[in-house]
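I opened the model today to look up its folds and charges. My notes follow in the order I made them.

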Amino acid sequence: MPPKAIGPYRVLETLGSGGAGTVYRARDRRTNDEVALKLLSTGPSLDDRAARRLVREFETLADLAHPNVVKVFEAGVHEGWPYLAMELIEGLTLRHYLDVSAGELHSATPLSRAPLSIRRTEDDDFGSVDGPDEDADDDSVVDDDEDGTFGLNAFAEEAPSEDLASFHGAGDDSDSDDVPVDPRREPARKPATKAHAAPPRMADLNRPERMGRLKDAMLQVCEALAYIHGHGLVHRDLKPSNIMVDDDRQVRLMDFGLAKFLADDAGITADGKLVGTYRYMAPEQILGEPLDGRSDLYSLGVILYELISGRPPFDAKTPHELWRQVLETEAPPLLALNLHGDPQLARVAHRLIRKEPDDRFQTAEEVYEALSE
Ligand SMILES: Nc1ncnc2c1ncn2[C@@H]1O[C@H](COP(=O)(O)OP(=O)(O)OP(=O)(O)O)[C@@H](O)[C@H]1O
């Protein structure tokens with residue numbers, strides 16, 4: 001049962017939950033405005049002093065203002081748990097936005113709202129490593145096919161171009177798996193989803209209308225990243241579910257600032273856990289090295305790669321195997337996976353996922369320019 005009230009907000013409904021907490025649609029009793037309220041639930045509840053410090057930290061986010069960065073209104077503490085009130089986005093996460101047809105995009109509100117309530121596990125990869133998972137089921141791991149279709153094991157929680165309703169309805173509604181990750185522990189395997197998703201067809205991925213939307217959304221993400229990097233900040237957990245597109249096709253970068261709250265400069269929490277989502281983590285993030293904006297650009301490259309080819313650049317059954325690949329192996333050439341993929345986007349994606357930050361684009365502005373050529 002969601003709480004009835006959180007601080008000065010009346011809770012209206014649950015929008016969904018992720019690794020860091022639960023997001024509610026809520027009404028500000030002072031102004032009558034609706035907001036999205038994220039109640040964090042990781043870590044211990046806070047004592048008064050820690051809570052005040054946190055609220056101060058979050059309030060610096062409220063100073064940020066960019067059309068492509070979700071607006072944070074205020075922070076507070078509810079029964080020892082921090083919460084964040086932010087702009088309520090009526091729209092779709094990036095992946096869903098690309099999956100719906102143009103006709104559906106302009107249709108009634110209910111369609112555009114539906115995925116918000118069915119999703120939970122998109123962008124998840126291997127799941128929590130909090131304990132051994134006896135039920136690991138390797139059967140659903142599908143090897144790459146020669147004809148350009150592919151295995152979906154790392155995509156198990158969120159196949160890109162399928163019937164989302166039936167996929168989610170099939171039942172894996174598992175817990176959040178993104179954060180935190182403890183690199184010192186032996187990773188456990190998460191049971192692969194029972195729902196076997198049909199791989200997306202390349203013709204679907206390459207629809208010109210979809211590619212146009214993808215490019216436009218990527219340009220807006222670049223603008224958001226240029227803005228936050230320009231303020232000396234790093235997102236640290238960039239992934240498709242943290243990118244929403246509203247009904248006017250305006251992109252918003254979400255959950256910015258959260259990873260910083262949860263971890264230190266190298267993305268490590270007080271108890272030695274990595275913050276981020278496995279599949280999108282740059283090599284330097286996996287290694288616990290200091291991060292800068294180029295780590296976000298790596299994550300952007302993984303997103304782009306996935307959205308062009310329908311599969312992630314690195315695909316493995318365990319976090320350790322994935323990390324080995326990210327650190328040591330080259331991703332398959334995108335245009336070998338998707339013969340009719342957009343060569344310009346493919347080039348940009350490959351350059352973004354270079355292992356060495358110095359070999360990538362150095363700034364979001366550079367990426368913007370390369371995408372606009
Ligand atoms: N500002 C917002 N407006 C509308 N919906 C939102 C907003 N912020 C989050 N949501 C929705 O709430 C749900 C949960 O979001 P949350 O950020 O907790 O999860 P996540 O991004 O999937 O996971 P994680 O926190 O692990 O990154 C998602 O469906 C998300 O789209």
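I took contact to mean heavy atoms within 4.5 Å. Among contacts in the protein between residues at least 6 apart in sequence, I found that 67% join residues at least 24 apart.

**Ground rules.** This is a predicted model, where local features need pLDDT of at least 70 and side-chain atom pairs count only at pLDDT 80 or more, while totals for chains, interfaces and linings use all residues. Residues are numbered from 1 along each chain as its sequence is written, and side-chain values use heavy atoms, with hydrogens and water left out.

**Overall.** I counted 14 helices and nine strands in the protein. Both are DSSP runs, numbered from the N terminus: helices are H or I with at least four residues, strands are E with at least two. Next I looked up burial. Buried means under 20% relative accessible area, exposed means over 50%, and partly exposed lies in between (1.4 Å probe, protein chains only). The protein has 373 residues, and 57% of them count as buried. I noted an accessible surface of about 16000 Å², with 50% of it belonging to carbon and sulfur atoms. These areas come from the Shrake-Rupley method with a 1.4 Å probe; for residues, only the protein chains shown count as cover.

**Salt bridges.** Side chains of opposite charge can pair when their charged atoms come close. My criterion was a side-chain nitrogen of Lys or Arg within 4 Å of a carboxyl oxygen of Asp or Glu. How many salt bridges does a search of the whole structure find? It finds 20.

I looked at Glu209 and Arg213 in helix α7 (residues 208–230). They sit four residues apart, about one turn of the helix. Their salt bridge has its closest N and O atoms 2.5 Å apart. Is Arg213 buried or exposed? Arg213 counts as buried, because its relative accessibility is 2%. Glu209 is partly exposed at 29%.

Then I checked Asp292 and Arg294. Their side chains meet in a salt bridge at 2.9 Å, N to O. Asp292 has 30% relative accessibility, so it counts as partly exposed. Arg294 has 17%, so it is buried.

Helix α11 (residues 319–328) holds another pair, Arg324 and Glu321. Their salt bridge is 3.1 Å, N to O. They are three residues apart, so about one helical turn separates them. Arg324 is partly exposed at 36%. Glu321 is partly exposed too, at 27%. I also noted a network: salt bridges that share partners join Glu13, Arg25, Arg27, Glu34 and Glu90.

**Positive patch.** Which residues gather in a patch of positive charge on the surface? I listed Arg49, Arg52, Arg53 and Arg56. A patch takes residues with over 30% relative accessible area and no salt bridge; like charges are joined within 9 Å, and nonpolar side chains (Val, Leu, Ile, Met, Phe, Trp, Tyr) within 5 Å. Lys and Arg count as positive, Asp and Glu as negative; His and the chain ends are not counted. The charge is placed at NZ of Lys, CZ of Arg, CG of Asp or CD of Glu. Arg49 is in helix α1 (residues 48–61). Arg49 counts as exposed because its relative accessibility is 68%.

**Backbone.** Asn32 is not a glycine, yet has a positive phi of about 75 degrees. Asn32 lies in the loop between β3 (21–28) and β4 (34–40). Glu79, also not a glycine, has a positive phi of about 45 degrees. Glu79 is in the loop between β5 (72–78) and β6 (81–86). At 67% relative accessibility, Glu79 counts as exposed.
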